[in-house]
Amino acid sequence: MSEANTQAVEKYRNNFLKEVEERVEEGEWVKMCMQCGVCSGSCPFGPHWAHPPQEIFMMIRAGKRDEVLTSDSMWMCTSCYNCIVRCPRKLPITHIMHGLANYAHRLGLAPKGQPTREFGKMFWNNLVATGRVNELKLSLSLYFKDGFSQGIKNAMAMKDVGLGMLKAKRLNPFELFSPHGCKDRKGIHAMLKKAREIEDRRKHLTS
Amino acid sequence: MAKKEYAFYPGCSSQTKASSSNYLVSVNSMCKTLDIKLTQIPDWNCCGASIGYAEGGELPRHVLNARNFALAEQHLSGQDVVATCAACWLGARETKERLGASAQLLADTNEALKEAGLSYKGEAEIRHMVEVLIEDLGYEELAKPVVKPLAGLKIAGYVGCQTNRPFGIAGESFENPKYLDKLIETVGAEAVPYDQKVTCCGGALAFSEPEKSQKQIRDIVESAYDHGADMIVTPCPLCQANVEIYQGEVNKRFGTKFNIPVAYYSQLLTVAYGGSAKDAALDGQVIRPTKLEELASKK
């Protein structure tokens, strides 16, 4: 458990709604939910959420902090935005789900090994390296996340997809050695470092 | 001088030998015919995409997009920013909207941008290539250069999510947008009605949750087949990749025998405008779009 988490528990005590309003992206909208359930019924991965969005909103109001932040539910969001466009109260549900997932991740409460959490982290670190995504390295880091031999198995299982892409010239083995990327990587790294500092200060996420 | 000029944001997947490099080649061919001049934003960076939130949070993602805007304002002043990738467009528009609505977020963004020697003023508009085609040119204008109508080709227009929600194309409904069907008809092909036009392909979760996503892909492809489509056409690079390259995996998982080509609208337009298979980058398809190839090679 991170120090930031201990501090948040101390500060907000039983008022999880207030914590979400102040620290989670678009969290101030949560109290507007009227529990109609259209979001849950519109979600392509709806059946896979332990707690669909509508339930998450009620759980926040009921102060179920641990249950919400340790849930893998928010990580089921595919960013399809069905919930946003169908919500009768126009809640930015997709963004709230991303915000909750990010907050749980940063506090160290999100489920360990949750595949989308891991992939999201890989994706960000991948793009930050050169300023642009390196698709080959991203695929390899996903396949090899559980070690070398599992990685080989994963890569072999996906070899037809990979060969198809290679043949269609949409996958470049040389990306491993001479990747695409931005020229001003130094500037990009400096601005992202600063952005993270500011965000951590505003959301009290000092790690 | 070109008829229209834009600051171009092609996005990571469009780069040479990346997963949507065929999209970029065909967009360039299409724009050449339509006299649209695209100038790449110098040194543009990734938008953070839909999965960047986990580690990137809020401000760092907005700063990424704002850097592109700042570079566009500095080097291509007065031009709208145009993205071809649905996720780039969505991410960029979201940032533009948020920074426009919050003075605090804007100030924080500029404080971070200063580290890269840049500042964002909020001038540039963010558009998708499809908006440029429909709003700045119009269907009538788009039909004029057609020399090879794609007659007899039945196409399932797969709009998907991110060019459709939450912003969408002005005047279109979220549940049944018509613009892609109209583009298909503009080049003389037949747009087949089917019920999975705006279904999510799983997006980035095709990588992290393949089993769940492949069910989505199965539903989309199955519906296209059931309604008699010869091929699927989409405006989104991730839709294109997911729905095309995982058909083999879907077949293994569900015992189906799918093998339907998935192309971009820009590839259709390029062929209808008389472009070769090479101009339309049809060799970039993993599943051969044979009917479109035949039309492209016809004199």
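Among contacts in chain A between residues at least 6 apart in sequence, what percentage join residues at least 24 apart? In this predicted model, the figure comes to 62%. In other words, 62% of those contacts in chain A bring together residues at least 24 places from each other along the sequence.

The chain contains 12 helices and 0 strands, and its pattern, read along the sequence, is simply α-α-α-α-α-α-α-α-α-α-α-α. Along the principal axes, the C-alpha trace of chain A spans about 55 × 40 × 30 Å. Chain A has 207 residues, of which 52% count as buried.

Next comes the contact between the two chains. Chain A brings 65 residues to this contact and chain B brings 67 residues. Together the chains bury about 6,000 Å² between them, and 60% of this area lies on carbon and sulfur atoms. On the side of chain B, three residues stand out: Lys17(B), Tyr53(B) and Glu55(B) supply 13% of the area that chain B buries against chain A, more than any other three residues.

Glu94(B) is found in helix α4 of chain B. This residue counts as buried because its relative accessibility is 7%, and buried means under 20%. Leaving aside residues up to four places away in sequence, Glu94(B) touches residues of both chains: Glu25(A), Tyr81(A) and His95(A), along with Arg61(B), His62(B) and Phe167(B).

Two or more lining residues come from each of α2 (16-23) and α12 (185-203) of chain A, and from each of α4 (86-101) and α5 (103-113) of chain B. The element that gives the most to this lining is α12(A), with 4 residues. By residue type, the lining of the second largest pocket divides into 13 charged, 5 nonpolar and 2 polar residues.

How values were computed:
Residues numbered from 1 in each chain as written. Chains lettered and ligands numbered in written order. Predicted model: local features only at pLDDT ≥ 70, side-chain atom pairs only at ≥ 80, totals over all residues. Heavy atoms only, no water. Nonpolar A, V, L, I, M, F, W, Y, C, P; charged D, E, K, R; others polar. Buried < 20%, exposed > 50% of the residue type's maximum accessible area, 1.4 Å probe, protein only. Contact = heavy atoms within 4.5 Å. Buried area = accessible area lost by both parts, 1.4 Å probe.
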